[in-house]
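Please read the following briefing alongside the sequence and the 3D structure. It is arranged by topic for a reader who is new to this entry.

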Amino acid sequence: MKSAYFEKFGIANLEVKDLEEPKPDKDHILIRVEYATVNPIDYFTVEGRRKVHPLPHIPGVEIFGSVAEGEDKGKKVVVYPRLFCGSCYLCVSGKEMLCSGELFGVSSNGGFSELALVPKKNVFFIEESISEEVASSLGVGALTAYHAMKLVEHGENVAIFGATGHTGMFLIQFAKMRNCHVFAITRKKSRWLKDFGADEILSPEEAYEKLKGKCTAVIDPLGSQTFSLSFPLVSKGGKFITFGILTGDKVELSLFTTYSNEISIFGVTGGTRKEMFEVIKLAPRLKVRVWKEFKLEKIKEAFSELIKPEREGKILLKV
């Protein structure tokens, strides 16, 4: 099978070669991968900024494809990427994304390959009518955004940083489903965000001047570089939600400002399998913007585009 893999960390060390096909057992399903999304987490994996197993390694956390063999052969599937035991307290209380803290494609070989071996409990069947662009975004982009948006009440003023990114475009759509007033925060002035539901499009600096202390919910998945502009937007009694560190993970926080204004800070990661079912049901109502599409052989170019500041939308990988 044709696969993208690396033996040493670093994008420059990625290779695309024919590797031996994995053999399914009673606990795994072999999936023929059709499309995948290239995410920051894949970048961190290849660069060695995550604990990776095994080595050599096939990355690829977020995939869409079909069952390769057996009675369900040909049925369309997506992958819930969180690895979990299913029996610990976290799992039985509906927080399986916190169980091991590990991910398909990071702590196991992933989906940047013609065939991928996936635990049966992580495989979700989907309707044929769901487009490959949306289907290949459900496991990470849509699920993470949906899980984060569960913290937002109907009708809130929501500021979304990184609005043109993979999760950003879903955050906007889920926020509008909750009848929120959505401020899409981006330096790109991307008018297409209006079609996704954004009410206003502002740069981080414009948002700081206009919205300081006025947003009941602020979502910033970008990291340390935007924190000084995003956190001050939170109103008294409001909430700050984060789940990304693409620009760094160390910030300076005033505890006085936080407690005196009763600001809640939430870290979210992934989502539950129940939420994965809910996202799949909503999939026909969702849309994505593809920035660029690459064939598997162009995986290095795909990663190069992922980290370019001018990117607007997701990087789609045709496997």
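**Salt bridges**

Lys-150, Lys-274, Glu-275 and Glu-278 are linked in a network of salt bridges, a salt bridge being a side-chain nitrogen of Lys or Arg within 4 Å of a carboxyl oxygen of Asp or Glu. The model is predicted: local features need pLDDT of at least 70 and side-chain atom pairs count only at pLDDT 80 or more, while totals for chains, interfaces and linings use all residues. Residues are numbered from 1 along each chain as its sequence is written, and side-chain values use heavy atoms, with hydrogens and water left out.

- The structure holds 16 salt bridges.
- Glu-96 forms a salt bridge with Arg-273, with the closest N and O atoms 3.2 Å apart. Glu-96 lies in the loop between helix 2 (89-92) and strand 7 (102-103) and Arg-273 in helix 10 (residues 273-282), so the pair ties together parts that are 177 residues apart in sequence. Helices (H or I, at least four residues) and strands (E, at least two) are DSSP runs, numbered from the N terminus.
- Glu-96 counts as buried at 5% relative accessibility, whereas Arg-273 is partly exposed at 29%. Buried means under 20% relative accessible area, exposed over 50%, and partly exposed in between (1.4 Å probe, protein chains only).
- A salt bridge also joins Glu-156 and Lys-239, whose closest N and O atoms are 2.9 Å apart. Glu-156 lies in the loop between helix 4 and strand 10 (157-161) and Lys-239 in strand 14, so parts 83 residues apart in sequence are tied together.
- Glu-156 is buried, with a relative accessible area of 9%, and Lys-239 is buried at 13% relative accessibility.

**Enclosed helices**

- Helix 4 (residues 138-149) has 12 of its 12 residues buried, so this helix is largely enclosed by the rest of the structure.
- Helix 5 is mostly covered, with 10 of its 12 residues buried; among them are Phe-170, Leu-171 and Ile-172.
- Just after helix 5, Asn-179 takes a positive phi of about 55°.

- An open sheet of 6 strands has the order 12-11-10-13-14-15, with parallel pairing; two strands pair if DSSP finds at least two bridges between them.
- Strand 12 (200-202) and strand 15 (264-267) are the edge strands, each pairing on one side only.
- Strand 14 (residues 234-242) and strand 15 pair in the parallel sense over 4 bridges. Ile-265 in strand 15 is the bridge partner of Phe-240.

**Exposed residue**

- Tyr-259 is found in helix 9 and counts as exposed at 57% relative accessibility.
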